Amino acid sequence: MLDKVLSGRYNNLCDNRGEAMVFDLKPLFSGDVKQLPIDQKMDMRDLEWEGITPFSQPVHVTGAISVRADVVTLTIFCEAMYEGACDRCGAALSQPQDFSLERMLVPALDNAESEENEALLVVENMRLDLEEFVRSEVILHMPMKHLCKEECLGICPVCGRNRNEGLCGCDTKEIDPRLSALQDLLH
């Protein structure tokens, strides 16, 4: 992994003794250090998403903060195991989720247009709170729907049976409420 010299230098640049993992980026911006490797497991059991806490296992983050041509870049890959319920049928599910991203780190921005550029990440006081950043990115990368399988049939709106376990035979035809009086005349 890291040799003893780099390991000592790494520990001086990264404070992960408390809850947060904060990187001191001054040596990167000054050119004293060319790269800081990242290989961390972050506890996100307290993260709430749509009324549940979906991450009972740590989120694994790998990557590096590096300098090339005087540009400081954060490159990470995140892996997590989402545990929750299918949005169609309610069955329990456990699905791997992963994403990668790259951001250029800047100490400040000159104009308002740059603030909306997703490729740039402002690092105040030349310190990066990696856990805070990853936490927000995990939320942004969550899918809108979690399904037990792509062809999930959901539940019957009449009896509530899970249609993946078999059809129930309920009449699920919906009648336009404006025509329901005509339906009554036919019966």
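How many salt bridges does the count come to? I counted a side-chain nitrogen of Lys or Arg within 4 Å of a carboxyl oxygen of Asp or Glu. By this rule the count is four.

Before going on, I noted the ground rules. This is a predicted model, where local features need pLDDT of at least 70 and side-chain atom pairs count only at pLDDT 80 or more, while totals for chains, interfaces and linings use all residues. Residues are numbered from 1 along each chain as its sequence is written, and side-chain values use heavy atoms, with hydrogens and water left out.

**Entry: salt bridges**

I looked up Arg45 and found it bridged to Asp43, with the closest N and O atoms 2.7 Å apart. Asp43 is partly exposed, at 39% relative accessibility. (Buried means under 20% relative accessible area, exposed over 50%, partly exposed in between, with a 1.4 Å probe and protein chains only.)

Next I took Arg135. Its side chain meets that of Asp46 in a salt bridge of 2.9 Å, N to O. Arg135 lies in helix 4 and Asp46 in the loop between strand 3 and strand 4, so this pair ties together parts 89 residues apart in sequence. (Helices, H or I with at least four residues, and strands, E with at least two, are DSSP runs numbered from the N terminus.) Asp46 is exposed, with a relative accessible area of 57%.

Arg135 also forms a salt bridge with Glu131, the closest N and O atoms being 3.8 Å apart. The two are four residues apart in helix 4, so about one helical turn separates them. Both Arg135 and Glu131 are buried. I therefore wrote down Asp46, Glu131 and Arg135 as a network of salt bridges.

**Entry: aromatic rings**

I searched the whole structure and found one aromatic pair. Phe55 and Tyr82 have ring centres 6.5 Å apart and planes at 80 degrees, so the pair is edge-to-face. (Rings of Phe, Tyr and Trp, its six-membered ring, pair if their centres lie within 6.5 Å; planes under 30 degrees apart are stacked, over 60 edge-to-face, the rest tilted.) Phe55 sits in the loop between strand 3 (35-42) and strand 4 (59-68) and Tyr82 in strand 5 (residues 71-85), so the pair ties together parts 27 residues apart in sequence. Phe55 is buried at 1% relative accessibility. Tyr82 is buried too, at 2%.

**Entry: His146**

I found His146 in the loop between helix 4 (130-140) and helix 5. His146 is buried, with a relative accessible area of 1%. Leaving aside neighbours within four places in sequence, its contacts (heavy atoms within 4.5 Å) include Trp49, Tyr82, Cys86 and Asp87.
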